[in-house]
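Could you look over the following notes alongside the coordinates?

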Amino acid sequence: MNIVNYIKLEFPSQSTNEAFARTAAAAFAAQLDPTLEELGDIKTAVSEAVTNCIVHAYPDSIGKISMKMRIIDENILEITIKDWGKGIPDVEKAMTPLFTTGGEDRSGMGFTIMGSFTDKLKVRSKPGKGTAVIMQRGLRQRRSYR
């Protein structure tokens, strides 16, 4: 695995920062010259991951969210969204479509959406310690970005 480029951002779990995270992910991915559809997919997956942190990890407080992005082997974008919140007691159950702990206004489709817009999705979580969502998306290289 050859890491070509990377960044790390950290921000409070305020809902206004969800748009910032989407935009930052799109700006970082732009060096791979993605299509508008690919950019939309990346922004949607990031939006779902950050929103999960805001709604589920820190439901009653403001906490810290970390977003790491890296380009691996020329055309794979890897995005890790991490929190230090409540954690998920049963990751497999949480990844089931329509399952939610967020109340009636939540769809329970966050992980399903993340998975449908990325090539790989991994979720690591420990109750009381937080959650990390690792997403990878291969982008067709249309030009050199170096």
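The points below go through the sheet and then the helices.

1. This is a predicted model, in which local features need pLDDT of at least 70, side-chain atom pairs count only at pLDDT 80 or more, and totals for chains, interfaces and linings use all residues. Residues are numbered from 1 along each chain as its sequence is written, and side-chain values use heavy atoms, with hydrogens and water left out.

2. An open sheet of five strands has the order β1-β2-β3-β5-β4, with antiparallel pairing; strands (E, at least two residues) and helices (H or I, at least four) are DSSP runs numbered from the N terminus, and two strands pair if DSSP finds at least two bridges between them. The edge strands, β1 and β4 (120-126), each pair on one side only. From one strand to the next the twist averages 10°, where axes are lines fitted to C-alpha atoms, for helices over the stretch in contact, and angles run from 0 to 180 degrees between N-to-C directions.

3. Nine bridges join β1 (residues 3-12) to β2 (residues 64-72) in the antiparallel sense; K8 has K68 of β2 as its bridge partner, and P12 stands opposite K64 in β2.

4. Between β2 and β3 (residues 76-83) there are eight bridges, again antiparallel, and I65 is partnered by D83 in β3. These two strands form a hairpin with three residues between them, and D73 in the turn has a positive phi of about 50°.

5. Helix α1 (residues 16-29) lies across β1, β2 and β3 and runs at about 170° to β1. Helix α2 (residues 36-57) packs on the sheet, touching β1, β2, β3 and β5 (130-138), and its direction makes about 15° with that of β3; contact means heavy atoms within 4.5 Å.
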